[in-house]
2 protein chains.
Amino acid sequence: PTLSDVPFSWSGKVKLESDPTAKLYRKHFLGKEHQNFYSSDMSLGYLVLSVKYEQIEKQENLRLLLRTRTGTKHDLIPISCLNEFPNAVQMAKLLCEDVNVERFFPVLYPKASQLIVAFDEHVISNNFKFGVIYQKPGQTTEEEVFSNTVESQGFLEFLDFLGDKIQLQDFRGFRGGLDVTRGQTGTESVYTNFRGKEIMFHVSTKLPFTEGDSQQLQRKRHIGNDIVAIIFQDESTPFVPDMIASNFLHAYVVVQLTHSTTGDTLYKVSVTARDDVPFFGPPLPNPAIFKKSAEFREFLLVKLINAEYSCYRAEKFAKLEERTRSALLESLFEELQLRSRSMMGLPVGEDDKIENGSG
Amino acid sequence: PTLSDVPFSWSGKVKLESDPTAKLYRKHFLGKEHQNFYSSDMSLGYLVLSVKYEQIEKQENLRLLLRTRTGTKHDLIPISCLNEFPNAVQMAKLLCEDVNVERFFPVLYPKASQLIVAFDEHVISNNFKFGVIYQKPGQTTEEEVFSNTVESQGFLEFLDFLGDKIQLQDFRGFRGGLDVTRGQTGTESVYTNFRGKEIMFHVSTKLPFTEGDSQQLQRKRHIGNDIVAIIFQDESTPFVPDMIASNFLHAYVVVQLTHSTTGDTLYKVSVTARDDVPFFGPPLPNPAIFKKSAEFREFLLVKLINAEYSCYRAEKFAKLEERTRSALLESLFEELQLRSRSMMGLPVGEDDKIENGSG
């Protein structure tokens with residue numbers, strides 16, 4: 001195999017594709033002067049709106065952020081484009097035409113922004129757990145793959161390259177569900193800190209092997225709950241995702257060991273994911289063969305993290321996330337309503353639909 | 001006369017004693033996350049409250065600013081000192097027990113903070129005008145003093161020391177009411193820029209002299225409307241403030257030329273002000289004799305500016321200011337109410353006393 005004339009450009013900073021919307025409130029609103037509102041729409045459900053006046057080079061703008069059950073809409077609107085200064089309802093409609101509410105109510109609780117930023121950032125995680133499944137040549141079933149115990153020199157070299165070997169006992173970092181007190185999930189694992197994120201790998205061969213358990217549940221219960229996994233192969237052998245039964249695993253990065261003519265360690269990479277997982281970068285070069293190097297490690301870790309972000313948008317997780325988001329938005333709404341009304345010295349209770357409140 | 005063993009300390013930065021409350025909103029609130037409220041109190045009149053949550057070394061505080069007709073109250077209150085999280089009315093009472101309102105209403109207009117900071121800073125001025133009256137020995141009447149035309153060498157030296165001689169025609173700085181287009185208030189004046197403030201002096205001898213007008217109205221109409229004036233004397237001669245009839249002049253800094261044994265220019269300074277003008281620094285050393293120096297110039301200019309600030313608190317100006325403040329607070333209240341109600345899509349009109357608004 002020849003080393004791909006890897007376009008040097010990608011060795012530049014490969015980008016993490018986290019959901020940009022989730023960080024907008026912290027970036028533009030938190031700690032800065034702005035006003036929050038809440039309302040409840042018959043069809044769209046609970047709404048939380050953030051409004052900020054921004055002057056950029058003499059131009060007056062309104063930065064708007066509207067949170068609904070299904071997502072967050074954001075825009076920066078020059079006031080000059082509007083024929084009059086919009087009220088809260090009109091502002092919300094600027095972001096989402098379907099908004100159909102009588103009124104928005106002001107959030108008045110001085111600590112509200114902490115609640116709002118926590119809601120916005122509930123999708124952002126700084127902790128990741130990825131499976132690392134060791135597949136030997138010719139193995140085509142889950143049972144075979146999860147029963148491997150002997151780690152080849154190539155696999156050990158790859159694990160060493162991937163991250164730090166850590167002792168699980170009393171490990172203080174992100175443990176990704178592994179047992180750090182009673183040693184029930186093995187003694188060691190592979191862990192790394194990358195761009196401020198903690199990554200714990202679930203290495204199949206390092207999870208406890210159970211004699212006579214063809215399913216190797218002690219291994220499957222961790223890896224089967226990961227969303228993204230690496231498949232490591234000493235040499236080329238077919239990998240079919242359906243081989244592994246899991247509701248969670250949605251994307252695999254297959255890393256196949258190979259060597260250059262001069263004996264350097266090379267890794268041939270391919271990626272497979274379920275149909276409804278949107279594309280995630282950085283794009284694989286062609287051919288996708290990498291020298292064992294810091295650049296490749298960066299490429300691989302970013303690819304894994306982006307894979308996870310992308311999987312969040314696959315139907316299963318998107319639905320799950322929408323339920324989570326919807327529940328969190330409802331509790332945010334209720335807290336903001338309760339606190340704002342008490343701030344006004346008003347009795348707790350439903351906001352009347354038609355009111356001439358606000359002084 | 002011996003040079004006072006001037007305590008070196010005061011030659012450190014002499015402080016301007018401007019009203020600190022006026023700058024609090026810009027310092028702690030403007031541009032930062034906070035909430036404003038408005039209400040109307042039967043006895044206290046219009047109220048505008050600013051509330052900000054501040055965490056200082058793990059301690060949670062509420063920074064509060066309450067504007068009433070008569071003044072602005074400010075405090076930083078640790079939340080731990082309160083048995084429950086206060087609502088807006090309770091917060092206002094924390095600053096001013098006399099507050100007796102049903103409710104406060106939220107300010108919701110994104111550009112409100114600009115209106116509020118303008119109100120708070122209406123007392124802050126960066127432009128000053130001071131009289132400089134040349135009194136010759138033995139002169140005891142306004143007519144005599146305002147008729148002086150020949151400037152002594154000592155007076156010229158002092159004017160040169162005080163500021164820059166400027167040509168009034170087309171002068172672009174703060175003109176303090178002088179004519180910069182048609183030369184009707186003389187051709188020259190003395191002006192200076194000091195710590196970001198513009199000072200225009202009304203020098204009696206440089207204002208037009210009118211033959212046969214004993215009152216010298218062309219000179220009196222400027223100096224008589226100043227609040228603070230310098231009286232310059234070539235040598236010691238009695239100065240009695242009542243000598244000059246003016247409703248505005250409230251404080252005088254008398255500067256009497258003198259010389260050291262070695263012939264250096266010295267200035268003997270005394271200060272007189274109306275009874276209801278509170279003390280203003282920097283304190284005069286004892287004896288109050290200064291070498292002509294940058295330190296003395298700084299002392300003199302700060303003394304003049306502080307004199308003006310202090311005079312604002314004398315009854316005449318305090319009353320004037322209260323009327324101005326009350327009118328400005330009313331228009332601020334109305335604008336905030338109008339804008340906030342329109343922000344909520346509510347019809348313009350009085351806030352109903354008892355409402356269950358705010359969602």
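Visitor: Which residues of helix α8 of chain A are called buried, and what makes them so?
Guide: In α8(A) they are A:Phe317, A:Arg325, A:Leu329, A:Leu332, A:Phe333, A:Leu336, A:Gln337, A:Ser340, A:Arg341 and A:Met343, where buried means under 20% relative accessible area, exposed over 50% and partly exposed in between, with a 1.4 Å probe and protein chains only. This is a predicted model, in which local features need pLDDT of at least 70 and side-chain atom pairs count only at pLDDT 80 or more, whereas totals for chains, interfaces and linings use all residues. Residues are numbered from 1 along each chain as its sequence is written, chains are lettered from A and ligands numbered from 1 in the order in which they are written, and side-chain values use heavy atoms, with hydrogens and water left out.

Visitor: Why are α5(A) and α7(A) called roughly perpendicular?
Guide: Helix α5 (residues 153-162) and helix α7 (residues 294-311) of chain A pack at about 80°, with their axes 10 Å apart. Angles under 35 degrees count as roughly parallel, over 145 as roughly antiparallel, 65 to 115 as roughly perpendicular and the rest as oblique, so α5(A) and α7(A) are roughly perpendicular to each other.

Visitor: Which residues meet where α5(A) packs on α7(A)?
Guide: A:Phe158, A:Phe161 and A:Leu162 in α5(A) meet A:Phe296, A:Arg297, A:Leu300 and A:Leu301 in α7(A), contact meaning heavy atoms within 4.5 Å.

Visitor: What makes β2(A) a paired strand, and with which strands?
Guide: Two strands pair if DSSP finds at least two bridges between them; β2(A) has 7 antiparallel bridges with β1(A), residues 35-41, and 9 with β3(A), residues 59-67, also antiparallel. A:Ser50 has the bridge partner A:Asn36 and, in β3(A), A:Leu65.

Visitor: Is A:Gln35 buried or exposed, and how do you know?
Guide: A:Gln35, in strand β1 of chain A, has 8% relative accessibility and therefore counts as buried. Beyond four places in sequence, its contacts include A:Val51, A:Pro106 and B:Gln35.

How values were computed: Helix = DSSP H or I, 4+ residues; strand = E, 2+ residues; numbered from the N terminus. Axes fitted to C-alpha atoms, helices over the stretch in contact; angles between N-to-C directions.
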